[in-house]
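Subject: Structure handover

Hello,

Here is the structure I promised to pass on. Please open it first, then read the notes below.

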Amino acid sequence: MLRLSLMTLAITLVLAGCNKDKQNDAKEGASAALTDQPLLVTQEDLLLIHSNALSSGPVITGSVEPERKADLRAELSSVVLQVFKENGETVKRGDLLVRLDDTSIKDSLHSAEEAERAAVQTFDQAERQFQRLKTLRASGMTSTQQLEDAEIRRNNTQSDLVAAKARTVQARQQLQRTEIRAPFDGVVSERKVSAGDTAQLGKELVKVIDPTSLRFEGLVSADKINNVKIGQSVRFHINGYGEQEFSGKVKRIDLAANATTRQVEVLVSFDDKSLPRVSGLYAEGLIESTSTQTLTIASSALVREGDKSYAWLVKDGHMNKVILHVGQRDARHGDYAVQAGLKEGDKVIRNPISTLKEGQKLSLVASASSQLPQAVPGIAPQTVAIPAGK
């Protein structure tokens, strides 16, 4: 009985081993079948290598500021009665922005006008008296002294009249200064007072800017300023506008460096008709002092392994890992110059993933879901997705 049990156990183990070997062989066959399935890629997954202009030059950082801006201040001490415009509202030249209390100034104007009228009457009377004595003196009916005294009175009243007119004009000017008006077409960028505030002489009331006069006011390191020339192209990005790229030209270079940072201010005018709508935003870019034609590759297509860089070259329906020698990086787009490893017209994987293999087959499809690998018996269907290019 014991011998029969041992034989039964041995037969069972042998059969189990055979079944396990068959299962392993089936899995290996299925895996090999899956490996033979081509990797599906779309045209967007591929990057065409071609020659581009690789620009280099000094980096410029700064902010976008308007060339035409006005900081309107109070020219007299008074109380704010009304504020007619809010931040962001458009204005036309001459529009009323702020009105100050003009009660005391109107009283001064009325007083000056009355003094002027009295001075006019006094002068007219003195002038008539002088002309009468002048006629009498010609006929010898008055003395020279009387004529001279009349002339002196006439001159004094004339001086009083001129002074009275000046006080009237000054009062009118003061009255006009109670109305703060827009000096040009633009936008209210900052309102600093409200109705009821006391506006002291020189107090800031409102700021107006011309959004069509925006420019890039940047700073360049002093050791790079020798490479900057008026008229050079500048490409830059503005914080808040994402990947949108703006272009301009160097308009002016300051002749004095900042005493603290030792940087030099450079003014850049916009080339684009689509100017940013907001001033004061941070901007950073590159002044294109030199430009060369060379093969370039996007940074997303590069794979780094220590000091080495490579890309996945697509050729004849297969992928091959190609070692690259890359040069300087374009600060505008982040592309790298390709010095060796690729040639004009080559295609590489735009966004390679870690599961790619040397010699792997490829199949170009219209979309990632238009064609899927056939299921292999015993193994759940699998797909390999390559991130689509930006």
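The protein's secondary structure comes to three helices and 24 strands. Helices (H or I, at least four residues) and strands (E, at least two) are DSSP runs, numbered from the N terminus.

Two cautions before the details. This is a predicted model, where local features need pLDDT of at least 70 and side-chain atom pairs count only at pLDDT 80 or more, while totals for chains, interfaces and linings use all residues. Residues are numbered from 1 along each chain as its sequence is written, and side-chain values use heavy atoms, leaving out hydrogens and water.

Overall picture

The protein has 390 residues, and 33% of them are buried. Buried means under 20% relative accessible area, exposed means over 50%, and partly exposed is in between (1.4 Å probe, protein chains only). The accessible surface is about 23,700 Å². Carbon and sulfur atoms hold 51% of that surface. These areas come from the Shrake-Rupley method with a 1.4 Å probe; for residues, only the protein chains shown count as cover.

Take the contacts between residues at least 6 apart in sequence: 75% of them join residues at least 24 apart. Contact means heavy atoms within 4.5 Å.

Helices

Helix H3 covers residues 144-176, which is 33 residues. From its first C-alpha to its last, H3 reaches 48 Å, close to the 48 Å expected at 1.5 Å a residue. The expected span is 1.5 Å times one less than the number of residues. Which residues of H3 are buried? They are Leu147, Ala150, Arg154, Thr157, Leu161, Ala164, Thr168 and Ala171. These buried residues pack against H2. An α-helix has 3.6 residues a turn, so residues three or four places apart point the same way.

Helix H2 spans residues 103-138 and includes Thr103. Thr103 counts as partly exposed, because its relative accessibility is 45%. Its C-alpha atom is separated by 9.6 Å from that of Ser78, which is 25 residues apart from Thr103 along the chain.

Salt bridges

The whole structure holds 18 salt bridges. A salt bridge is a side-chain nitrogen of Lys or Arg within 4 Å of a carboxyl oxygen of Asp or Glu.

Glu204 pairs with Arg73, with the closest N and O atoms 2.9 Å apart. Glu204 is in strand E12 (residues 204-209) and Arg73 in strand E5 (residues 69-73), so this pair ties together parts 131 residues apart in sequence. Glu204 is partly exposed at 23% relative accessibility. Arg73 is partly exposed too, at 38%.

Lys192 bridges to Glu190, with 4.0 Å between the closest N and O atoms. Salt bridges that share partners join Asp71, Arg73, Glu190, Lys192, Glu204 and Lys207 into one network.

Glu86 and Arg191 also meet in a salt bridge, 2.8 Å from N to O. Glu86 is in the loop between E6 and E7, Arg191 is in strand E10 (residues 186-191), and the two are 105 residues apart. Relative accessible area is 38% for Glu86, which is partly exposed.

A buried lysine

Lys85 is in the loop between strand E6 (78-83) and strand E7 (90-91). Lys85 is buried yet has no salt bridge. How far away is the nearest side chain of opposite charge? That is Glu89, 4.1 Å away. For charge, Lys and Arg count as positive and Asp and Glu as negative; His and the chain ends are not counted. Lys85 touches Thr90, Val91, Leu96, Leu97, Val188 and Arg191, not counting residues up to four places away in sequence.

Best regards
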